[in-house]
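Hi everyone, thanks for coming. Let me walk you through a structure that may be new to you, starting with the overall picture and then visiting a few residues.

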Amino acid sequence: MLELMEWLAARGVTTFFKVDGDRMVERRTAWMVIVSGGPLGEDSFFRADLATPDACLDSLLAHLEGKGLSPFA
């Protein structure tokens, strides 16, 4: 995840990845990823609140691919 965040930052994308301890204790969706800016465009704000870090990563990668931006290309 850190390598992906660095890759995005080098392209001007702001990335936020978080786990919320209070939500985890309450057995709620505790993981969150947010990206915005850079080549994603003005309406680029993307947020996913999911149960696992892997789910957040998968959701983020799908969003990036939909915007034509992939770290695997």
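**A first look at the fold**

Of the 73 residues in this protein, 32% count as buried, where buried means under 20% relative accessible area, exposed means over 50%, and partly exposed lies in between, with a 1.4 Å probe and protein chains only. Before going on, please keep in mind that this is a predicted model: local features need pLDDT of at least 70, side-chain atom pairs count only at pLDDT 80 or more, and totals for chains, interfaces and linings use all residues. Residues are numbered from 1 along each chain as its sequence is written, and side-chain values use heavy atoms, with hydrogens and water left out.

So what is the protein built from? It has 3 helices and 3 strands, and from the N terminus on, the elements run α-β-α-β-β-α. The radius of gyration is 13 Å, close to the 11 Å that the globule rule gives for 73 residues, so the protein is as compact as a globular protein of that length. For the terms: helices (H or I, at least four residues) and strands (E, at least two) are DSSP runs, numbered from the N terminus. The radius of gyration is taken over C-alpha atoms, and the globule rule is 2.2 Å times the number of residues to the power 0.38.

If you like to think in boxes, the C-alpha atoms fill one of roughly 35 × 25 × 20 Å, taken along the principal axes.

**Into the core**

Which residues have the most contacts inside the largest nonpolar core? They are Leu-4, Leu-8, Val-35, Leu-60, Leu-64 and Leu-69, in a core of 16 residues. A nonpolar core here is a set of buried Ala, Val, Leu, Ile, Met, Phe, Trp, Tyr and Cys residues joined through side-chain atoms within 4.5 Å. Helix α1 (2-9), strands β2 (31-36) and β3 (46-50), and helix α3 (53-66) each supply at least two residues of this core. The largest share, 4 residues, comes from α3.

Let's stop at Leu-8. Leaving aside its neighbours within four places in sequence, Leu-8 is in contact (heavy atoms within 4.5 Å) with Val-13, Thr-15, Val-35, Leu-60, Leu-64 and Leu-69.

Now over to His-63, which sits in helix α3. Is His-63 buried or exposed? It counts as buried, because its relative accessibility is 17%. Not counting residues up to four places away in sequence, His-63 touches Val-35, Ser-44 and Phe-46.

**Out to the loop and the ends**

Next, please find the loop between α2 (21-25) and β2, where Arg-27 lies. At 79% relative accessibility, Arg-27 counts as exposed. Its phi is near 60°, a positive value in a residue other than glycine. For context, most residues other than glycine have a negative phi.

Thr-29 is found in the loop between α2 and β2 as well, and it is partly exposed, with a relative accessible area of 34%. Setting aside residues up to four places away in sequence, Thr-29 touches Arg-23, Asp-49, Leu-50 and Ala-51.

Finally, Glu-3 is in helix α1 and counts as exposed, at 68% relative accessibility. How far apart in space are Glu-3 and Pro-71? They are 9.7 Å apart, C-alpha to C-alpha, while being 68 residues apart in sequence.
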